[in-house]
Amino acid sequence: RGVQRVKVVQIPDALRQDLLSKLDAARLPNYRTHVKSFSRRSVAIVENTVKKFEMEHVFNELHTTGEETAVLIKGLPVDRIIHETPTDGSRSMKKKGQVIEALLIALGQSLTGGMPIGYSFEKGYSDPFIHEGFVREGGSALTVGTALAFHADMGYLRQPSLVPNFLGLFGVREGLDRKVTTEILDNRDILRFVPAETQKALRQPHFIIRIPQGVPIGKTNKNQSRIRPLLTGSASTPTIALPPSEGNVFGVDKVGHRALKILREAIDQAKRFGFVHRVHLMPGDLLLFDNRRVLHSRSAVR
């Protein structure tokens, strides 16, 4: 049987109402144009309100090599008015409140001990640090009927310091498909099914990852990474660099091809033996996880 990797924290109703009232009354600066001041004030409000409600334990869970590598916080407030999600592929610009943004930024900073990171090449479909996840027709990882394979966000970047350490997913509305789930798979559980010899090969430069168009990586090899390993880190905190699309990573020789095949088979075995944790995000749910220590995926939207 799989090991429990996701800690669940339930926010009491009184605390949810207190957070909503204070964030509503705060008159925070515009998130899109005043990121620094917005972040500073949001952190002050949320930390002062939440104080030490189980959060110290949550922080420790995210930063140790213990069993749990993800935290699901349930019962957080959402903005009082949430407009319908656009269905024409455009961004949602009608939302006036900033409660969700404040919670994502504040809890993300408080619980990870880090700072938000954004990427200039994503400005066409994203705010500085917060992506709008909604299904649209064609040309997107969120295309109807498309699932995301297990992956690490930005794992293809050449500089490890630019890869986000933690990710946070916030449930805004349940949506039409009540079966879609985010799936979490700890890298340690994958490696249970990978022989030591193959792990050694995965730690050597036998692989290339195709890089999405529009990502500025220099004048040469514009569409692919340098030859690189897929497995780094220690035995207790292994990092696996897999992109969302299985077709965007390949071995450059027989050793790489075989190791990649065994790695994918190991992921399937980990799924069969119950190591995958599936979360259907409800409004007010915040899922935080270590992008270096787990792979995540999403089931297809029907």
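Predicted model: local features only at pLDDT ≥ 70, side-chain atom pairs only at ≥ 80, totals over all residues.
Two packed helices are described by the angle between their axes and the distance between the axes. Helix α4, residues 99–112, takes part in a packing with helix α3, residues 55–63. The axes of α3 and α4 come within 8 Å and cross at roughly 65°. Angles of 65 to 115 degrees count as roughly perpendicular, so α3 is roughly perpendicular to α4. On the α3 side, the contact is made by M55, V58, F59, L62 and H63. On the α4 side, S110, L111 and T112 take part. By class, the contact of α3 with α4 has 5 nonpolar and 3 polar residues, and no charged ones.

Helix α4 also packs with α2, at an angle of about 75° and with the axes 8 Å apart. The two helices α2 and α4 are therefore roughly perpendicular to each other. From α2, the residues in this contact are F38, S39, S42, V43, V46 and E47. They meet E101, A102, L103, I105, A106, L107, Q109 and S110 of α4. Sorted by class, the contact of α2 with α4 has 8 nonpolar, 4 polar and 2 charged residues. S110 of α4 is named in the contact with α3 and also in the contact with α2.

The backbone is the next topic. Most residues other than glycine have a negative phi, and most peptide bonds are trans. R27 is not a glycine, yet its phi is positive, at about 50°. R27 is in the loop between α1 (13–25) and α2 (35–50). With a relative accessible area of 75%, R27 counts as exposed because that value is over 50%.

M154, also a residue other than glycine, has a positive phi near 60°. M154 lies in the loop between β3 (148–151) and β4 (166–170). Is M154 buried or exposed? Its relative accessibility is 9%, and a value under 20% means buried, so M154 counts as buried.

Which classes make up the lining of the second largest pocket? The residues of the lining divide into 8 nonpolar, 6 polar and 4 charged.

Conventions:
Residues numbered from 1 in each chain as written. Heavy atoms only, no water. Nonpolar A, V, L, I, M, F, W, Y, C, P; charged D, E, K, R; others polar. Axes fitted to C-alpha atoms, helices over the stretch in contact; angles between N-to-C directions. Helix = DSSP H or I, 4+ residues; strand = E, 2+ residues; numbered from the N terminus. Parallel < 35°, antiparallel > 145°, perpendicular 65-115°, else oblique. Contact = heavy atoms within 4.5 Å. Buried < 20%, exposed > 50% of the residue type's maximum accessible area, 1.4 Å probe, protein only.
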